[in-house]
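Here is a friendly walk through some helix packing, a chain contact and a few backbone details. Have the coordinates open as you read.

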2 protein chains.
Amino acid sequence: MAGFPIFASRRIRKTPYTQRVEASGLTAYTTYNHMLLPAAFTSLAEDCAHLKQHVQIWDVAAERQVELRGKDAHKLACLMSARDLRNAEPGRGYYAPLCDANGGMINDPIALCLAPDRFWFSIADSDVELWALGLAQGMGLDVEIHEPDVSPLAVQGPKAEDLMARVFGEEVRSIRMFRFKTFEFQGVEMIIQRSGWSKQGGFEIYMPKFALGLALWDRIWEEGNTPEFQIRAGGPNLIERIEGGLLSYGNDMNRTNTPLECRLDRFLALDVEGSAFLGKEALLRQRDRGLSQALSGLKIAGEPIAPLAFPFKTRANGQDAGIVTSAVHSPAMAANIGIGMLAIEACENGTEIKVETPQGWRQAVTCPLPFV
Amino acid sequence: MAGFPIFASRRIRKTPYTQRVEASGLTAYTTYNHMLLPAAFTSLAEDCAHLKQHVQIWDVAAERQVELRGKDAHKLACLMSARDLRNAEPGRGYYAPLCDANGGMINDPIALCLAPDRFWFSIADSDVELWALGLAQGMGLDVEIHEPDVSPLAVQGPKAEDLMARVFGEEVRSIRMFRFKTFEFQGVEMIIQRSGWSKQGGFEIYMPKFALGLALWDRIWEEGNTPEFQIRAGGPNLIERIEGGLLSYGNDMNRTNTPLECRLDRFLALDVEGSAFLGKEALLRQRDRGLSQALSGLKIAGEPIAPLAFPFKTRANGQDAGIVTSAVHSPAMAANIGIGMLAIEACENGTEIKVETPQGWRQAVTCPLPFV
């Protein structure tokens with residue numbers, strides 16, 4: 001993995017698992033919510049192939065939690081979330097786009113309902129805490145907002161359930177998708193949700209005590225380090241997430257994009273009577289007007305490309321047709337695959353466009369997401 | 001510079017100058033406001049020595065601007081800033097701690113007053129834009145908030161003024177500290193302020209057009225690449241900034257600290273009649289009560305230490321005495337120097353404490369900031 005080293009500082013925080021991650025073959029980091037996030041180990045391609053076959057342990061502590069707690073916590077959560085949280089149930093996680101008043105995306109967390117007056121927004125890479133603080137202050141809400149000492153550790157891959165059952169007991173198998181239950185490890189209660197940033201299945205453990213991190217990692221590793229499980233350290237994998245059509249905030253969309261443009265319609269409470277989240281009116285207007293751009297999959301011709309490091313320009317019919325936001329070579333598909341925020345005309349399946357890669361202009365063709 | 005490479009993605013944005021930076025001997029990056037920020041070139045020590053003698057060009061595009069514009073822009077700026085901005089004058093920059101209602105620091109930008117209804121907060125590493133958006137939305141303010149296409153390029157060092165005069169004309173010499181004027185480069189107007197994240201003097205050019213970045217870099221480089229100037233690429237230098245007592249948000253303080261604890265009293269409008277910024281009441285109460293912790297300088301005994309990568313614990317009189325937040329070896333001082341958020345008793349000049357470094361416990365002694 002080419003690239004310059006990242007300079008050590010307190011500002012880019014280490015996680016409870018950093019020591020193990022760095023001793024487990026790490027080859028590249030990214031940063032996320034002011035914290036280190038492992039990005040590659042053996043190689044993106046080998047990490048991906050292993051993830052699809054076996055089980056991996058992921059340091060995703062950088063998925064920080066923004067806790068809303070108190071009398072007005074639910075009111076604030078409902079205002080912030082474009083997904084309807086008015087009947088949110090404790091024990092459930094909700095993928096929830098967050099929008100400003102213009103419908104521009106602020107983040108796309110999982111909102112965990114811990115109790116009627118207590119929520120965690122398990123966030124992508126932007127300071128949702130500051131937005132929530134501003135809203136609460138400006139509206140005079142009675143809600144405490146902070147980032148708790150919670151550092152998610154994910155167990156992902158087809159063997160994740162069997163491995164988790166060995167560590168936490170059979171009860172773990174009963175957790176449904178985006179549901180969570182509380183388990184105990186070394187006397188400390190922790191939430192385990194069936195979720196994670198891959199399409200290979202698995203769990204996220206919301207580990208609530210920094211000093212317990214290495215013990216939890218080691219316990220899972222010990223159980224998984226067998227011919228049966230063949231556990232490895234891993235992380236959200238660029239190839240696997242593009243193949244699976246999983247969007248990445250900051251890569252595929254930002255505050256200049258709406259969730260409609262991101263094709264997230266099914267998560268939006270636009271047609272729910274009584275919903276009153278931020279951006280609702282703007283999104284209704286955009287829906288009426290019709291989209292001028294949207295996310296689309298695309299395949300780029302030619303030799304394998306390196307992971308995209310800046311948005312590639314595109315052209316169709318001699319005009320700008322938007323940008324490619326993520327791209328990588330998929331060995332399994334034997335193709336360069338990507339995601340782009342493209343002019344709406346270009347989004348039609350099979351449209352031929354041109355893409356400016358670091359190696360020059362290439363032919364590409366649009367296709368639906370996910371790829372697999 | 002040891003450390004793992006940083007993985008390429010659109011989410012960690014390149015700057016207008018990235019191409020030149022990477023061709024000018026870069027050896028380590030950090031990330032800052034979701035963007036790449038150069039952290040070291042030849043070595044921290046050589047970069048520092050050169051900066052004190054000659055002139056450097058710094059890609060500080062990661063100092064992003066949060067623009068407040070419109071009828072209520074001034075009102076919002078005054079609410080956000082713990083420094084009094086009620087009589088802010090166009091053409092001046094104000095170092096302005098920002099606090100939440102409890103006095104916890106949100107950021108410490110330079111607030112540039114562009115016009116009575118237009119401000120840029122030139123921010124440290126947190127999403128001030130989201131906080132401002134939340135406040136404006138919650139209070140129903142009439143203000144537009146966005147991040148403009150402005151990528152600061154700094155020219156720092158004792159020869160900075162002479163070099164800048166060659167590029168922008170003699171008028172540049174008339175700019176006073178934290179004042180700015182507008183200059184033209186290739187037909188594009190840009191603000192130049194006498195400021196920068198070093199104590200060696202210099203300017204920050206608020207370059208307002210991404211596509212113009214390389215031309216501006218090249219023009220300055222061309223003029224500075226002489227035996228007289230000996231220009232080099234550089235960046236905010238850890239050694240120089242600790243020697244000079246320059247604080248770094250996210251390193252030396254965060255939302256768990258107040259500006260009083262950071263010894264920023266002289267910037268606070270606590271005794272200004274009619275000021276009504278966020279956190280004022282909490283800060284007044286803390287001042288009355290007295291501080292229990294504060295920032296202090298300290299010197300750590302023993303062999304040269306590597307740049308601090310996580311807060312070091314400290315002890316004094318057998319008790320926890322706070323944390324070291326930044327530390328590095330200074331060749332010029334022939335000492336390990338640092339900054340710590342320490343128990344107030346330990347802050348007294350000359351107090352002996354113990355510090356837990358990666359190489360074990362060491363003796364240390366506290367001292368005033370700055371060191372030089």
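## Helices α5 and α6 in chain A

In this predicted model, α5(A) passes α6(A) in a right-handed crossing. The two helices, α5 (residues 160–168) and α6 (residues 213–224) of chain A, have axes that come within 10 Å and cross at roughly 120°. Angles of 65 to 115 degrees would count as roughly perpendicular and those over 145 as roughly antiparallel, so α5(A) is oblique to α6(A).

Which residues make the contact? On the α5(A) side they are A:Leu163, A:Arg166 and A:Val167, and on the α6(A) side A:Arg219, A:Ile220, A:Glu223 and A:Gly224. Sorted by class, the contact of α5(A) with α6(A) has three nonpolar, one polar and three charged residues.

## The α5 and α6 pair in chain B

Turn now to chain B. Helix α5 (residues 160–168) and helix α6 (residues 213–224) of chain B bring their axes within 10 Å, crossing at roughly 120°. That angle makes α5(B) oblique to α6(B), and the crossing is right-handed.

From α5(B), the contact uses B:Leu163, B:Arg166 and B:Val167; from α6(B), it uses B:Arg219, B:Ile220, B:Glu223 and B:Gly224. By class, these residues are three nonpolar, one polar and three charged.

Helix α4 of chain A covers residues 128–139, twelve residues in total. From first C-alpha to last, α4(A) reaches 16 Å, close to the 16 Å expected at 1.5 Å a residue. Is α4(A) mostly covered or mostly uncovered? Mostly covered: nine of the twelve residues are buried. The buried ones are A:Val128, A:Glu129, A:Leu130, A:Trp131, A:Ala132, A:Leu133, A:Gly134, A:Leu135 and A:Ala136. After the helix comes A:Gly140, with a positive phi near 65°.

Helix α3 (residues 73–80) of chain A packs against α4(A) at an angle of about 120°, with the axes 11 Å apart. This crossing is right-handed. Here A:Leu76, A:Leu79 and A:Met80 of α3(A) meet A:Ala132, A:Leu135 and A:Ala136 of α4(A). The contact of α3(A) with α4(A) has six nonpolar residues, with no polar and no charged ones.

## Where the chains meet

How many residues does each chain bring to the contact? Chain B gives 46 residues and chain A gives 47 residues. On the side of chain B that touches chain A, β1 (28–32), β2 (35–40), α4 (128–139) and β18 (319–330) of chain B each supply at least two residues.

The largest share of that side comes from α4(B), with nine residues. By class, the side of chain B that touches chain A divides into 26 nonpolar, 14 polar and six charged residues.

A:Gly340 sits in strand β19 (residues 335–343) of chain A. Why is A:Gly340 classed as buried? Because 29 other C-beta atoms lie within 10 Å of A:Gly340, and 20 or more is the cut-off for a buried residue.

Setting aside neighbours within four places in sequence, A:Gly340 is in contact with A:Ser296, A:Leu298, A:Thr314, A:Gly322, A:Ile323, A:Val324 and A:Thr325. A:Gln293 is 47 residues from A:Gly340 in sequence, and the two are 9.7 Å apart in space, C-alpha to C-alpha.

## Backbone details to check

Most residues other than glycine have a negative phi, and most peptide bonds are trans. With that in mind, look at the peptide bond from A:Leu369 to A:Pro370, which is cis with omega near -5°. A:Pro370 lies in the segment after β21 (360–367) of chain A. In chain B, the bond from B:Leu369 to B:Pro370 is cis, with omega near -10°, and B:Pro370 is in the segment after β21 (360–367) of chain B.

B:Phe178 is in the loop between α5 and β12 (180–185) of chain B, and counts as partly exposed because it has 15 C-beta neighbours inside 10 Å. B:Asn317 is in the loop between β17 (312–316) and β18 of chain B, and is exposed, with 11 other C-beta atoms within 10 Å.

Key: Residues are numbered from 1 along each chain as its sequence is written. Chains are lettered from A and ligands numbered from 1 in the order in which they are written. This is a predicted model: local features need pLDDT of at least 70, side-chain atom pairs count only at pLDDT 80 or more; totals for chains, interfaces and linings use all residues. Helices (H or I, at least four residues) and strands (E, at least two) are DSSP runs, numbered from the N terminus. The expected span of a helix is 1.5 Å times one less than its number of residues. Axes are lines fitted to C-alpha atoms, for helices over the stretch in contact, and angles run from 0 to 180 degrees between N-to-C directions. Angles under 35 degrees count as roughly parallel, over 145 as roughly antiparallel, 65 to 115 as roughly perpendicular and the rest as oblique. A crossing is left-handed if the near helix is turned anticlockwise from the far one by less than a right angle, and right-handed if clockwise. Two residues are in contact if their C-beta atoms, placed from the backbone, lie within 7 Å. Ala, Val, Leu, Ile, Met, Phe, Trp, Tyr, Cys and Pro count as nonpolar, Asp, Glu, Lys and Arg as charged, and the others, Gly among them, as polar.
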